[in-house]
Protein chains: 2
Amino acid sequence: MTQDPRWLTEAEQRAWQAYRRMFLLLNAQLARDLAQDSGLSEADYDVLSALGASPDRRRRVSELADRMLWSRSRLSHHLARMQQRGLVVREECATDGRGAVVVLTDEGTRTIERAAPPHVESVRRHFIDLLSPEQIEVFATIGETVVGRLTEGDH
Amino acid sequence: MTQDPRWLTEAEQRAWQAYRRMFLLLNAQLARDLAQDSGLSEADYDVLSALGASPDRRRRVSELADRMLWSRSRLSHHLARMQQRGLVVREECATDGRGAVVVLTDEGTRTIERAAPPHVESVRRHFIDLLSPEQIEVFATIGETVVGRLTEGDH
DNA sequence: CCGTCTTAAGTGACACGTCAATCACCTGCC
DNA sequence: GGCAGGTGATTGACGTGTCACTTAAGACGG
């Protein structure tokens with residue numbers, strides 16, 4: 001016999017609802033800003049920015065996927081499109097014949113360097129600057145707690 | 001001349017990163033649980049649950065879309081699939097010849113009633129129960145602040 | 001070395017979401 | 001009443017994400 005669930009309290013519902021709505025709206029707004037300012041999708045931005053922060057602007061495909069929490073398949077498809085647009089190129093991996101390395105092209109580099117400032121402003125405007133330092137701190141802690149729980153057991 | 005952006009401080013970056021990772025992981029986990037427990041996607045669940053909470057288990061299509069923060073188009077496509085599966089039906093609207101009303105079928109009603117308890121447990125396990133009441137409160141406030149800013153100006 | 005097992009990456013088919021266009025119907029003004 | 005413009009809803013085409021599968025290559029015990 002299944003136990004009756006512990007339904008959410010009013011406060012818990014408020015938090016859960018607010019979270020879901022915040023995500024939907026915030027994400028949509030950031031995507032709009034990003035598209036207008038730089039002609040990029042959030043996915044594009046994330047790939048470019050992860051690569052831009054990588055040593056030598058290059059990274060093994062699966063390393064990139066792990067770091068971004070993307071499936072390999074998703075990344076593979078997306079890289080194909082970005083390569084088409086000239087933002088990245090794939091190279092063979094010297095040390096592992098199966099492997100591939102993605103590299104930011106010059107255009108990719110320019111693109112992310114131009115896109116970053118307005119994107120940061122957008123994140124500030126719609127999120128960060130609305131919160132007090134204390135709220136930022138609590139928020140970070142919450143996120144890390146949840147992430148920690150969800151990734152414990154991963155080696 | 002564009003001003004140099006105010007890059008995020010370390011604390012701000014922590015919060016932003018934690019948020020993005022939390023969303024990715026939490027969403028994926030909830031979707032996995034939901035699919036295993038009830039064979040539903042999150043989108044399915046959201047529609048069923050919104051309809052289940054509606055008077056008479058029915059709602060005008062665009063009213064539902066607004067309430068869920070979905071585009072009409074998305075909802076229309078999704079309702080088509082759910083109708084195919086027998087979870088909802090569309091009826092004509094008595095008071096507006098253009099309008100349509102979506103209604104939960106008996107099967108849709110049974111489905112959401114069975115799906116809700118394990119989903120709530122899942123939300124608790126991976127999120128709510130990891131936080132203190134104080135954290136829940138701060139989190140709700142943050143969400144509402146951000147949502148409020150993003151929706152101000154909507155009538 | 002050889003066969004098996006594992007791992008890196010890409011692929012194809014399908015499900016989903018978005019955007020723009022469409023169609024039917026309502027509303028309001030002359 | 002009739003028509004000009006707005007609104008509710010759907011549709012089709014397209015871009016993107018997922019899942020299952022394939023291909024190629026490293027790892028490794030015998």
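The surface near DNA strand D divides into two nonpolar, ten polar and eight charged residues, where Ala, Val, Leu, Ile, Met, Phe, Trp, Tyr, Cys and Pro count as nonpolar, Asp, Glu, Lys and Arg as charged, and the others, Gly among them, as polar. The model is a predicted one, in which local features need pLDDT of at least 70 and side-chain atom pairs count only at pLDDT 80 or more, while totals for chains, interfaces and linings use all residues. Residues are numbered from 1 along each chain as its sequence is written, chains are lettered from A and ligands numbered from 1 in the order in which they are written, and side-chain values use heavy atoms, with hydrogens and water left out.

DNA strand D is surrounded by 20 residues, the closest being Ser73(A), Arg74(A), Ser62(B), Arg90(B) and Ala100(B); a residue is near a strand or molecule if one of its heavy atoms lies within 4 Å of it. Of the atoms of DNA strand D that come within 4 Å of the protein, 68% belong to sugar and phosphate. Polar contacts are pairs of N or O atoms within 3.5 Å; within protein, one must be able to donate a hydrogen and the other to accept it, and residues adjacent in sequence count only if both atoms are side-chain atoms. His77(B), in turn, places a polar side-chain atom 2.8 Å from a base oxygen of DNA strand D. Two or more residues of this surface come from each of H4 of chain A and, in chain B, helix H3 (61-68) and H4. Helices are DSSP runs (H or I, at least four residues), numbered from the N terminus. H4(A) gives the most to the surface near DNA strand D, with five residues.

Around DNA strand C there are likewise 20 residues, with Ser62(A), Ala100(A), Ser73(B), Arg74(B) and Arg81(B) the closest. Sugar and phosphate make up 66% of the atoms of DNA strand C that come within 4 Å of the protein. Phosphate oxygens of DNA strand C lie 2.3 Å from a side-chain N or O atom of Ser62(A), 2.8 Å from a polar side-chain atom of Arg90(A) and 2.7 Å from a backbone N or O atom of Ala100(A). Here the largest share of the surface, five residues, comes from H4(B).

Turning to the protein interface, 56 residues of chain A are in contact (heavy atoms within 4.5 Å) with 56 residues of chain B. The two chains bury about 5800 Å² between them, 70% of it on carbon and sulfur atoms; buried area is the accessible area (1.4 Å probe) that two parts lose on being put together, summed over both. The interface holds 14 salt bridges, each a side-chain nitrogen of Lys or Arg within 4 Å of a carboxyl oxygen of Asp or Glu. One of them joins Glu42(B) to Arg20(A), with the closest N and O atoms 3.8 Å apart.

Gln135(B), in helix H6 (residues 133-151) of chain B, counts as buried because its relative accessibility is 17%; buried means under 20% relative accessible area, exposed over 50% and partly exposed in between (1.4 Å probe, protein chains only). Leaving aside residues up to four places away in sequence, Gln135(B) touches Val138(A), Thr141(A), Ile142(A) and Leu130(B).
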